[in-house]
Amino acid sequence: MDQTPCDIVLDIGGEGRHAEAWNVNRCRTQTLGRHAGEPIPRLIVARADALPFADNCVKSLIVERTPLTRAAARELSRVIQPEGQILLRHVPLKDRDRHEPTLAILGGKAQQRTTKIYGQPVLETMVQFSENISPPQLPTTETST
């Protein structure tokens with residue numbers, strides 16, 4: 001699915017929580033929440049380490065519950081637009097910042113916070129890539145159970 005040009009929002013590992021996003025997932029059905037077992041809407045069957053998009057064509061990426069491998073970080077860096085943004089969301093680790101290795105590959109300006117989604121603690125890291133723009137405020141997250 002090579003879309004050139006494109007200006008889209010991708011949710012890597014997404015299951016449909018973000019209405020504006022295309023969900024990139026290897027699974028075809030939702031695994032969380034009240035819609036578990038239902039088909040994932042706006043689905044693109046793919047992996048984070050092999051995104052089927054042209055270079056610099058994605059304006060916003062959300063990465064949730066997806067392994068942050070070096071190959072995945074390189075793909076995120078490849079597809080994001082020069083002034084794009086990436087939001088990383090993962091369960092925090094006690095002994096280290098799980099987003100740090102990915103940030104070393106991505107570059108950009110980062111802002112972090114810990115919040116809760118579905119009652120679970122989540123580390124959110126927002127990365128902005130334009131040198132002329134300060135990091136955006138982190139969006140409000142869903143905290144319902």
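Select Ile-8 to begin: at 13% relative accessibility, Ile-8 counts as buried, where buried means under 20% relative accessible area, exposed over 50% and partly exposed in between, with a 1.4 Å probe and protein chains only. Ile-8 belongs to strand S1, residues 8-12. Helices (H or I, at least four residues) and strands (E, at least two) are DSSP runs, numbered from the N terminus.

The model is predicted, and local features need pLDDT of at least 70, side-chain atom pairs count only at pLDDT 80 or more, and totals for chains, interfaces and linings use all residues. Residues are numbered from 1 along each chain as its sequence is written, and side-chain values use heavy atoms, with hydrogens and water left out.

**From Ile-8 to Ser-60**

Ile-8 and Ser-60 stand 52 residues apart in sequence, while their C-alpha atoms are 6.8 Å apart in space. Ser-60 sits in strand S4, residues 58-64, and is buried, with a relative accessible area of 14%. Beyond its neighbours within four places in sequence, Ser-60 is in contact with Ile-8, Val-9, Leu-10, Ile-80 and Gln-85; contact means heavy atoms within 4.5 Å.

**The whole chain**

Now show the protein chain as a cartoon. Two helices and seven strands make up its secondary structure, and along the sequence they follow the pattern β-β-β-β-α-β-α-β-β. Among contacts between residues at least 6 apart in sequence, 55% join residues at least 24 apart. Of the 145 residues of the protein chain, 41% count as buried.

Switch to a surface view. The protein chain exposes about 8,100 Å², and carbon and sulfur atoms supply 49% of this area. Accessible areas come from the Shrake-Rupley method with a 1.4 Å probe, and for residues only the protein chains shown count as cover.

**Asn-25 in strand S2**

Select Asn-25, which is found in strand S2, residues 22-25. Asn-25 counts as buried because its relative accessibility is 11%. Which backbone oxygen lies 3.1 Å from a polar atom of the side chain of Asn-25? The backbone oxygen is that of Gly-14. A polar contact is a pair of N or O atoms within 3.5 Å; within protein, one must be able to donate a hydrogen and the other to accept it, and residues adjacent in sequence count only if both atoms are side-chain atoms. Leaving aside neighbours within four places in sequence, the residues in contact with Asn-25 are Gly-13, Gly-14, Glu-15, Ile-40, Leu-43, Ile-44, Val-45 and Ala-46.

**The loop between S2 and S3**

Move on to Thr-29, in the loop between S2 and strand S3 (43-45). Thr-29 counts as partly exposed, at 36% relative accessibility. Its C-alpha atom is separated by 9.5 Å from that of Leu-43, 14 residues apart along the chain. With neighbours within four places in sequence left aside, Thr-29 is in contact with Glu-15, Gly-37, Glu-38, Pro-39 and Ile-40.

Arg-42 lies in the loop between S2 and S3. Its phi is near 45 degrees, a positive value in a residue other than glycine. Most residues other than glycine have a negative phi. Arg-42 counts as partly exposed, at 36% relative accessibility.

Select Arg-65, in the loop between S4 and helix H1 (70-79). Arg-65 is not a glycine, yet has a positive phi of about 50 degrees. With a relative accessible area of 49%, Arg-65 is partly exposed.

Now display the second largest pocket, which is lined by 17 residues; Arg-26, Ala-48, Arg-65, Thr-66 and Pro-67 lie nearest its centre. On a 1 Å grid over the protein atoms alone, a pocket is an open set of points where a 1.4 Å probe fits, with protein on both sides within 12 Å along at least five of seven lines, and lining residues have an atom within 4 Å of a point. About 350 Å³ of space lies in the second largest pocket; grid points are joined across faces, edges and corners, and a volume is the space filled by probe spheres set on the points. Its lining divides into seven nonpolar, five polar and five charged residues. Ala, Val, Leu, Ile, Met, Phe, Trp, Tyr, Cys and Pro count as nonpolar, Asp, Glu, Lys and Arg as charged, and the others, Gly among them, as polar.

**Last stop: Leu-123**

Finally, select Leu-123 in strand S7, residues 120-128. Leu-123 counts as buried, at 10% relative accessibility. Leu-123 and Leu-88 are 35 residues apart in sequence and 7.8 Å apart in space, C-alpha to C-alpha. Not counting residues up to four places away in sequence, Leu-123 touches residues including Leu-88, Arg-89, His-90 and Pro-92.
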